[in-house]
Amino acid sequence: TCEFNLTYYYKPRMSNIIMLIRGDIRGGKYLSKKIKIIWYLQLLPVLISLFLFAYFLFYFAAPLYFQISDPTFFNISFILIIFLSVLGSYFYVELNYGRFVYAVDEKELLIKKGIVEKIRYVVQFEKIQNVTVSRSFPEVVLGIGTIRIETAAHKVLEDEILLPGIEEYHYLVNEIIKRSEM
């Protein structure tokens, strides 16, 4: 069965329901392209673990259990696994980047993200309780920041919304605060 759930913490305007069902966010902005570097860095430990596992599998376990001793087979297989892993990581980061869109509307913040699980947030500015900016060392070097928006959500896991990779984070935070105080 296929489910489509939209959770709202307020009564939304009809125009936003139509935008969310279609998946369009008018005036939507993408994250900074620099966030891709951080996402690649986050995937690096997974790739290294996969390469070490493949190396162990092909050079130590395969000759013992599968009676294959041809070094050409091992080298080609190992290179193929490396190539497919890097290609898969590239497509994951590119899809994740392309599917993360946000927009500041008159009365709310709209966010759409996700590859497999598509998440869409519609946050009224009056429901925002706290806005903070956090910057890790790579974010400081790249000149971007992550905006954390806390709302009065009913579920603990959904009370914080993240906008990573924002270049003009000072402007966006000031805009959110200004509109939430209106």
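**Briefing: a surface patch, a strand pair and a pocket**

Phe-91 counts as partly exposed because its relative accessibility is 46%, where partly exposed lies between buried (under 20% relative accessible area) and exposed (over 50%), with a 1.4 Å probe and protein chains only. The model is predicted, so local features need pLDDT of at least 70 and side-chain atom pairs pLDDT 80 or more, while totals for chains, interfaces and linings use all residues. Residues are numbered from 1 along each chain as its sequence is written, and side-chain values use heavy atoms, without hydrogens and water.

**Nonpolar patch**
- Phe-91 lies in helix α3, a DSSP run of H or I with at least four residues, whereas strands are runs of E with at least two, both numbered from the N terminus.
- Helix α3 (residues 71–98) provides six residues, the largest share of the nonpolar patch.

**Strands β6 and β7**
- Strand β7 (residues 160–166) is largely enclosed by the rest of the structure, because five of its seven residues are buried.
- Strands β6 (residues 145–151) and β7 run antiparallel and are joined by five bridges; pairing requires at least two DSSP bridges.
- Within this pair, Arg-148 stands opposite Leu-162 in β7.

**Second largest pocket**
- A pocket is an open set of points on a 1 Å grid over the protein atoms alone, where a 1.4 Å probe fits, with protein on both sides within 12 Å along at least five of seven lines; lining residues have an atom within 4 Å of a point.
- The second largest pocket is lined by 15 residues, and Trp-39, Asn-96, Phe-100, Lys-113 and Pro-164 lie nearest its centre.
- With four residues, α2 gives the most to this lining.
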